[in-house]
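Me: Hi! I have a structure open and would like to talk through a few spots in it. Could you start with how you use the word "buried"?

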Amino acid sequence: MEKLIAKDLLSIGAVFLRPDEPFTWASGIKSPIYCDNRLTLSVPAVRTRVEEGLARIVRERFPDAEALMGTSTAGIAHAAITATLLDLPMGYVRGGAKDHGRGNRIEGRLEKGERVVVIEDLISTGGSCIEVVEALREAGAEVLGVASIFTYGMQRGLDRLREAGVRNHSLCNLDALVEVAAAEGYIRPEDKARLLAFRDNPADESWMRR
């Protein structure tokens, strides 16, 4: 499944790999990879594999789930489709509370003690995902974990999730992606080590030197 999703993400341009012309993140970090998993929604065959994969994670890893909650905004559509496949209630968590109406941060019905799985598109350092989990916990939910499309597998992200008591299961990860990318000619075989070096320490730009 990891390599199949990797092929999908690469083939539709949802993931770009540019070790020689790195992207610059908002934080200023230079990155050889850029992900836009929203593009999976525009390709029905890929969308079907992604949503069925997320549904499988929920069924197998979080069988007690009573509702799904998407992250705003990228996880909302994925949560809605996955919830439809599983016949579960769904809602989403805003980045911040509304400044009008009831001032909700959590949209959709959420009962105290309800067992919830968060649907996320991408996990890097884990910060935004943890904020969503904490908002749900503060509202009285029991967050079983997170189902996501892609993770970089950065150590900082893994550590933060563990410290927050959050379990994440992803359909695809950087290791699988670079293997497929090298095999199918998206990158040179020698670039695999550079991409994984970035993953291991994004602040260390030595990976940029060939």
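Reply: Happy to! Buried means under 20% relative accessible area. Keep in mind that this is a predicted model.

Me: Thanks. Which residues of α4 are buried?

Reply: In α4, they are G127, C129, I130, V132, V133, A135 and L136.

Me: And what do the buried residues of α4 pack against?

Reply: Their partners are the strands β5 (67–71), β6 (90–93), β7 (106–107), β8 (115–123) and β9 (142–151), along with helix α5 (155–163).

Me: How many residues does α4 have, and how far does it reach?

Reply: Helix α4 covers residues 127–138, which is 12 residues. From first C-alpha to last it reaches 16 Å, close to the 16 Å expected at 1.5 Å a residue. Just after α4, G140 takes a positive phi of about 100°.

Me: New topic: where is R18 found?

Reply: R18 sits in the loop between β1 (15–17) and β2 (23–24). Its side chain reaches the backbone oxygen of E21 at 2.7 Å. Leaving out residues up to four places away in sequence, R18 touches F23 and P32.

Me: Is R18 buried, partly exposed or exposed?

Reply: R18 has a relative accessible area of 35%, so it counts as partly exposed.

Me: Then N173: buried or exposed, and why?

Reply: N173 is buried, because its relative accessible area is 17%, and the cut-off is under 20%. This residue lies in strand β10 (residues 168–173).

Me: What does N173 touch?

Reply: Not counting residues up to four places away in sequence, N173 touches E2, F150 and T151.

Conventions: Residues are numbered from 1 along each chain as its sequence is written. This is a predicted model: local features need pLDDT of at least 70, side-chain atom pairs count only at pLDDT 80 or more; totals for chains, interfaces and linings use all residues. Side-chain values use heavy atoms; hydrogens and water are left out. Helices (H or I, at least four residues) and strands (E, at least two) are DSSP runs, numbered from the N terminus. Buried means under 20% relative accessible area, exposed over 50%, partly exposed in between (1.4 Å probe, protein chains only). Contact means heavy atoms within 4.5 Å. A polar contact is a pair of N or O atoms within 3.5 Å; within protein, one must be able to donate a hydrogen and the other to accept it, and residues adjacent in sequence count only if both atoms are side-chain atoms. The expected span of a helix is 1.5 Å times one less than its number of residues.
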